[in-house]
Amino acid sequence: MSRQTGPKAGKPEPLATPMEDTDIIDFEIIELFFFAYRDFVSDPDAILEKSGFGRAHHRVVHFVNRNPGMTVADLLETLKITKQSLARVLKQLIDSGYIRQVAGPEDRRQRKLYPTKSGRELALALAEPQSRRIERAFEGASAEVREGVKGFLSGMRDRQKAD
């Protein structure tokens with residue numbers, strides 16, 4: 001009589017040993033990314049929560065402030081999200097007075113996005129704690145180390161989806 005070993009054999013056995021690094025998996029680096037991202041977004045998250053906003057609002061405010069006059073199509077391409085995903089977030093930011101949407105001068109169907117003064121202030125309020133965190137992490141580091149980190153982070157971007 002053969003013994004069943006698949007999912008129908010009952011409850012799976014719990015594994016008591018932790019996953020270990022392999023030739024292609026570095027769990028320490030993966031965990032450092034998890035914790036760094038969690039902490040990097042925690043300060044802006046707290047600021048955004050007061051207005052009922054989230055991380056999607058943060059990304060829109062950031063990129064519109066970095067590229068005033070960008071089109072909705074450009075923003076969709078930058079964020080790699082659908083029109084439907086962007087529509088709700090953008091409407092909230094426009095209705096709240098953080099972003100202005102202006103028809104294009106040649107093509108009235110084209111929608112250009114601009115930050116307002118309060119949108120600029122929000123972008124700065126979100127970036128300041130993140131910048132302080134970055135500077136603390138770079139404390140005592142050379143310019144070469146900083147460039148190395150920038151190169152590393154650029155290398156992490158998905159080249160198929162990034163600029």
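The model is predicted, so local features need pLDDT of at least 70 and side-chain atom pairs count only at pLDDT 80 or more, while totals for chains, interfaces and linings use all residues. Residues are numbered from 1 along each chain as its sequence is written, and side-chain values use heavy atoms, with hydrogens and water left out. Helices (H or I, at least four residues) and strands (E, at least two) are DSSP runs, numbered from the N terminus.

**How the helices pack**

Some terms to start with:

- Axes are lines fitted to C-alpha atoms, for helices over the stretch in contact, and angles between N-to-C directions run from 0 to 180 degrees.
- Angles under 35 degrees count as roughly parallel, over 145 as roughly antiparallel, 65 to 115 as roughly perpendicular, and the rest as oblique.
- A crossing is right-handed if the near helix is turned clockwise from the far one by less than a right angle, and left-handed if anticlockwise.
- For residue classes, Ala, Val, Leu, Ile, Met, Phe, Trp, Tyr, Cys and Pro count as nonpolar, Asp, Glu, Lys and Arg as charged, and the others, Gly among them, as polar.

H3 with H4:

- Helix H3 (residues 72–79) packs against helix H4 (residues 83–95) at an angle of about 115°, and their axes are 10 Å apart.
- That angle makes H3 roughly perpendicular to H4, and the crossing of the two is right-handed.
- On the H3 side, Val72, Leu75 and Leu76 meet Lys83, Leu86 and Leu90 of H4.
- By class, this contact of H3 with H4 has 5 nonpolar, no polar and 1 charged residues.

H2 with H3:

- The angle between H2 and H3 is about 120°, with the axes 11 Å apart.
- H2 is therefore oblique to H3, and H2 passes H3 in a right-handed crossing.
- Here Arg59, Val60, Phe63 and Val64 from H2 meet Leu75, Thr78 and Leu79 from H3.
- The contact of H2 with H3 has 5 nonpolar, 1 polar and 1 charged residues.

H2 with H4:

- H2 and H4 pack at about 70°, and their axes lie 10 Å apart.
- This makes H2 roughly perpendicular to H4, with a right-handed crossing.
- Ala56, His57, Val60 and Val61 of H2 make the contact with Leu86, Arg88, Val89, Leu90, Gln92 and Leu93 of H4.
- Those residues divide into 7 nonpolar, 2 polar and 1 charged.

**The nonpolar core**

- A nonpolar core is a set of buried Ala, Val, Leu, Ile, Met, Phe, Trp, Tyr and Cys residues joined through side-chain atoms within 4.5 Å.
- Buried means under 20% relative accessible area, exposed over 50%, and partly exposed in between (1.4 Å probe, protein chains only).
- The largest core holds 20 residues, of which Val60, Leu75 and Leu93 touch the most other members.
- Two or more residues of this core come from each of helix H2 (55–66), H3, H4 and helix H5 (117–138).
- Not counting residues up to four places away in sequence, Val60 touches Leu75, Leu79, Leu86, Val89, Leu90 and Leu93.

**Leu48 and His58**

- Leu48 belongs to helix H1 (residues 27–49) and is buried at 1% relative accessibility.
- Leaving aside neighbours within four places in sequence, Leu48 is in contact with Phe53, Gly54, Arg55, His58 and Leu126.
- The C-alpha atoms of Leu48 and Leu124 are 12 Å from each other, with the two residues 76 apart along the chain.
- His58, in helix H2, is also buried, with a relative accessible area of 14%.
- With the neighbours within four places again set aside, His58 is in contact with Pro44, Leu48, Leu126 and Gln130.

- Lys80 lies in the loop between H3 and H4 and has a positive phi of about 55° although it is not a glycine.
- At 37% relative accessibility, Lys80 counts as partly exposed.
- Thr116 sits in the loop between strand S3 (111–115) and H5, where it is buried with a relative accessible area of 19%.
- Beyond residues up to four places away in sequence, Thr116 touches Gly97, Tyr98, Ile99 and Arg100.
- Pro14 is found in the segment before H1 and counts as exposed at 69% relative accessibility.

Notes: Contact = heavy atoms within 4.5 Å.
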